[in-house]
Amino acid sequence: MRKYVAELIGTMVLVLMGCGSAVFNHGVGTAAQTLMVAFGFGLSVVAMAYTIGGVSGCHINPAITLGAFLSGRINGKDAGMYILFQIIGAIIGSALLYLIVAFIDEGGASYIASGGYFATKTGSNGCQPGVGITSGLIAETIFTFIFVLVVLGSTESKRKASNFAGLAIGFSLVLVHIVCIPLTGTSVNPARSIGPAIFDAVYGSTAALGQLWIFIVGPLAGGALASFVWKFIRNNSKRNA
């Protein structure tokens with residue numbers, strides 16, 4: 001149970017800090033906000049990797065858990081429980097963010113996102129202006145593939161650089177966000193999208209829920225593809241060793 005609770009806490013922190021960076025830095029300008037959100041998510045992963053990594057492996061992302069399962073690193077029961085607790089953690093993180101925003105005078109706080117480009121009051125995902133559903137789905141699949149491939153490669157037990165895996169993973173997430181935020185707001189994590197979408201509906205908008213399938217299907221497909229590619233690379237490298 002400890003590792004499941006660790007996944008819950010880690011995902012809660014990721015959503016609270018990452019989505020919070022999108023909500024509370026809305027008025028700083030497009031370029032600055034992109035970097036702040038990117039580092040908000042990336043540094044959250046770094047912090048949690050060195051906090052709960054020794055307990056659960058710090059997946060805090062169903063796409064990573066799926067990749068780990070298909071790579072043979074985690075059994076089916078643990079994979080299912082990880083994903084369940086990750087989603088619960090994301091909902092709790094979104095609830096805390098909702099609670100904070102509820103007690104802020106939005107009229108006097110220009111930094112609160114009111115919708116449109118990048119983020120809503122919850123940091124929910126959505127295809128950005130000019131980006132179609134197909135483009136958004138492709139982007140989420142590709143960038144999740146890259147991210148999960150980094151995770152699988154940097155956490156391979158026999159790699160000498162494994163002590164620095166948290167940094168590699170966190171900064172790869174920063175990189176993914178810098179490129180993908182203008183496309184979809186960047187999810188690459190179904191749990192991260194589910195929590196904010198639910199509270200977007202509480203605010204009266206169903207737009208995020210309407211596109212939520214993109215941020216579930218795309219990341220899971222990318223995570224699965226990453227596991228297959230990593231197994232191919234790893235097995236070939238062993239034969240050539």
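**Contacts, burial and helix packing**

User: Which residues is R234 in contact with, leaving aside its neighbours within four places in sequence?

Analyst: With those neighbours set aside, R234 is in contact (heavy atoms within 4.5 Å) with S71 and E156. The model is predicted, so local features need pLDDT of at least 70 and side-chain atom pairs pLDDT 80 or more, while totals for chains, interfaces and linings use all residues. Residues are numbered from 1 along each chain as its sequence is written, and side-chain values use heavy atoms, without hydrogens or water.

User: Where is R234 found, and what is the nearest side chain of opposite charge?

Analyst: R234 is found in helix α9, residues 214-240 (helices are DSSP runs of H or I, at least four residues, numbered from the N terminus).

User: How is the packing of two helices described?

Analyst: Two packed helices are described by the angle and the distance between their axes. Here the axes of α5 and α6 (residues 165-184) come within 9 Å and cross at roughly 175 degrees (lines fitted to C-alpha atoms over the stretch in contact, with angles from 0 to 180 degrees between N-to-C directions). α5 is therefore roughly antiparallel to α6 (an angle over 145 degrees). Among the residues that meet are G136, E140 and F147 in α5 and A165, V176 and T184 in α6.

User: Is T184 buried or exposed, and which side chain does it join by a polar contact?

Analyst: T184 counts as buried because its relative accessibility is 0%. Its side chain and that of E140 are joined by a polar contact of 2.6 Å (N or O atoms within 3.5 Å, one able to donate a hydrogen and the other to accept it; residues adjacent in sequence count only if both atoms are side-chain atoms). Beyond its neighbours within four places in sequence, T184 is in contact with residues including N125, Q128 and F215. V131 lies 53 residues from T184 in sequence, with 7.7 Å between their C-alpha atoms.

User: What polar contact does S124 make in its loop?

Analyst: S124 lies in the loop between α4 (76-102) and α5 (133-154). Its side chain joins that of D200 by a polar contact of 2.8 Å, and S124 is buried, with a relative accessible area of 5%.

Key:
Helices (H or I, at least four residues) and strands (E, at least two) are DSSP runs, numbered from the N terminus. Buried means under 20% relative accessible area, exposed over 50%, partly exposed in between (1.4 Å probe, protein chains only). Angles under 35 degrees count as roughly parallel, over 145 as roughly antiparallel, 65 to 115 as roughly perpendicular and the rest as oblique.
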